[in-house]
Amino acid sequence: MMMDAMKAHKALHNTEKTLLLPAKTSATSWGRVAAAAVALACVSGLGVAARVARSQQSLAVSTEAAATTGASSGVDGRDAAWAKFKGDFAKEYETEVHEARARNNFEARLEKLAAANAANGGVEVFGVTEHADREPGARAYARGRRARVPAGERPPSPSRVDLEPVEGASHAFVDWRADSRGVVSAVKNQGQCGSCWAFSATEQVESQLVLAGAPQVELSTQQVASCTADPQLMCCDGCAGGDPTAAYEYLAWASRKGGLAPDAWWPYEQGLTPDEVCEAPACTKTCDKDVSQLPADFGYVGPYAKVSGYAYAIPECDVGACDDQDTDQLAARLEASPLSVCLNAGAWDDYTGGVLSEAACGGHGADDVDHCVQLVGYNKTEPENSYWIVRNSWSTSWGEDGYIYLSMDGNACGVANEATLAVVAEGDGDSGPVNNF
């Protein structure tokens with residue numbers, strides 16, 4: 001199934017090559033810019049198969065539009081692109097001044113998309129989305145990864161365990177989404193809260209819980225975001241940011257009396273819309289539930305997770321350029337389970353599908369890391385086009401139904417900088433000690 005999807009990607013990219021926006025947009029080239037923007041808007045936001053089916057039609061529309069608008073004024077070309085964008089995303093603005101500013105942002109965004117796709121080897125991975133009129137420098141989506149004090153400067157964690165060495169990856173293709181047990185849960189939405197780190201850690205615990213023999217249970221990201229704030233952890237302020245390793249350490253403590261609750265018992269309450277932005281501790285929901293009640297409530301809410309520790313899949317890189325991370329070992333670890341990873345998502349806002357190259361990702365050093373997600377597979381069946389399969393927490397409306405594909409050439413986006421997994425057992429009505437690794 002994944003191979004079919006990536007073949008579809010290739011077919012789409014071959015037809016979209018002529019849709020790439022020019023790096024320089026003079027007045028006489030705006031007709032073609034408008035035509036390309038129209039075509040990109042047609043295919044952005046659709047599933048892979050649908051995008052492929054529409055690409056040939058969009059290309060024909062683009063070619064005809066370019067022939068028509070290329071002879072017209074640059075203003076006409078800009079008008080067409082702007083009208084298409086507003087219509088596709090039902091955009092309305094309070095005043096003419098607001099619209100004029102948004103339009104300037106949109107036209108500047110088209111030029112940035114052209115440069116970004118050029119950096120990806122000319123293969124289309126960035127496109128027009130509903131956020132294409134945002135202010136320069138503004139992010140379309142929240143991140144939230146906040147670096148901890150470097151490992152050498154903080155006390156050793158009693159929750160951390162070391163893994164036995166493994167041989168290199170033995171499979172050419174791994175996709176945990178296909179596991180019928182439900183190892184990978186549905187794509188989630190962190191909304192306007194900088195809680196990516198809590199989502200990444202919670203998703204990892206969900207996966208490990210299924211692999212430990214429990215049924216699939218969606219667990220409480222809100223518990224992790226709200227409660228991982230102990231100063232001794234030297235990390236984490238809820239929606240102001242945090243790190244999965246601190247989340248595991250909190251959960252190991254919480255598991256002495258309860259554990260990580262089901263989402264049904266402690267649901268996510270942070271805002272999802274732009275008028276509910278929260279990237280500060282003060283607006284993070286409080287840690288106001290008693291997890292020691294989980295064993296007593298087991299009969300009503302079902303299984304929960306007990307975490308006894310965590311491990312790095314490969315040695316972390318928390319300082320420097322991170323040029324020498326062992327991606328072969330990372331792939332080998334991924335054969336055993338999905339992994340929580342923290343990386344650089346600075347280029348992801350306008351991603352619409354395809355394989356993102358290391359060059360187009362931006363930096364992969366320790367200081368570039370700003371986001372945490374879950375690594376759920378890889379595909380090396382075509383070595384020249386191998387890629388990682390990454391689940392994001394920006395809802396299914398982003399990227400490829402909530403996923404992004406990163407090139408396995410180099411340390412793209414810093415995917416190998418901080419990869420972790422949790423040691424998990426199923427919690428039930430017995431409040432006894434947690435199973436240890």
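This is a predicted model: local features need pLDDT of at least 70, side-chain atom pairs count only at pLDDT 80 or more; totals for chains, interfaces and linings use all residues.
The disulfides come first. The structure contains 7 disulfides. One of them connects Cys 227 with Cys 287, with a sulfur-to-sulfur distance of 2.0 Å. This pair brings together distant parts of the chain: Cys 227 belongs to helix α7 (residues 221-227), while Cys 287 sits in the loop between α8 (244-254) and α9 (294-301), and the two are 60 residues apart. Because the torsion about the S-S bond of Cys 227 and Cys 287 is about 95°, this disulfide is right-handed. The two partners can also be described by their accessibility. Cys 227 has a relative accessible area of 12% and is therefore buried, since buried means under 20%. Cys 287, at 43%, is partly exposed.

Another disulfide is formed by Cys 317 and Cys 322, whose sulfur atoms lie 2.1 Å apart. The torsion about the S-S bond of Cys 317 and Cys 322 is about -85°, so this disulfide is left-handed. Cys 317 is buried at 13% relative accessibility, and Cys 322 is buried at 6%.

A further disulfide links Cys 342 to Cys 372, with an S to S distance of 2.2 Å. Its torsion about the S-S bond is about 100°, so the disulfide is right-handed. The pair again links distant parts of the chain, for Cys 342 lies in strand β3 (residues 339-343) and Cys 372 in strand β5 (residues 371-379), 30 residues apart. Both Cys 342 and Cys 372 are buried. Cys 196, by contrast, takes part in no disulfide; the nearest cysteine sulfur belongs to Cys 372 and is 4.5 Å away. Why is Cys 196 not counted as joined to Cys 372? A disulfide requires two cysteine sulfur atoms within 2.5 Å, and the sulfur of Cys 372 is 4.5 Å from that of Cys 196. Cys 196 is buried, with a relative accessible area of 0%.

The nonpolar cores come next. The largest nonpolar core comprises 56 residues, and those with the most contacts inside it are Leu 330, Leu 343, Trp 348, Leu 356, Leu 375, Trp 388 and Leu 406. A second, separate core has 37 residues, including Val 217, Ala 246, Tyr 248 and Ala 261.

Asn 105, in helix α5 (residues 96-119), is buried at 8% relative accessible area. Its side chain reaches the backbone oxygen of Asp 133 at 3.2 Å. Beyond its neighbours within four places in sequence, Asn 105 is in contact with Ala 132, Asp 133, Arg 134, Glu 135 and Pro 136.

The salt bridges complete the picture. There are 18 salt bridges in the structure. In one of them, the side chains of Arg 109 and Asp 350 meet at 3.6 Å, N to O. Arg 109 lies in helix α5 and Asp 350 in the loop between β3 and β4 (355-356), so the pair ties together parts that are 241 residues apart in sequence. Arg 109 is buried at 8% relative accessibility, and Asp 350 is buried at 8%.

Arg 391 and Glu 203 meet in a salt bridge of 3.7 Å, N to O. Since Arg 391 lies in strand β6 (residues 387-391) and Glu 203 in helix α6 (residues 196-211), this pair ties together parts 188 residues apart in sequence. Arg 391 is buried at 0% relative accessibility, and Glu 203 is buried at 1%. Finally, Asp 79, Arg 103 and Glu 107 are linked in a network of salt bridges.

Key: Residues are numbered from 1 along each chain as its sequence is written. Side-chain values use heavy atoms; hydrogens and water are left out. Helices (H or I, at least four residues) and strands (E, at least two) are DSSP runs, numbered from the N terminus. Buried means under 20% relative accessible area, exposed over 50%, partly exposed in between (1.4 Å probe, protein chains only). A polar contact is a pair of N or O atoms within 3.5 Å; within protein, one must be able to donate a hydrogen and the other to accept it, and residues adjacent in sequence count only if both atoms are side-chain atoms. Contact means heavy atoms within 4.5 Å. A nonpolar core is a set of buried Ala, Val, Leu, Ile, Met, Phe, Trp, Tyr and Cys residues joined through side-chain atoms within 4.5 Å. A salt bridge is a side-chain nitrogen of Lys or Arg within 4 Å of a carboxyl oxygen of Asp or Glu.
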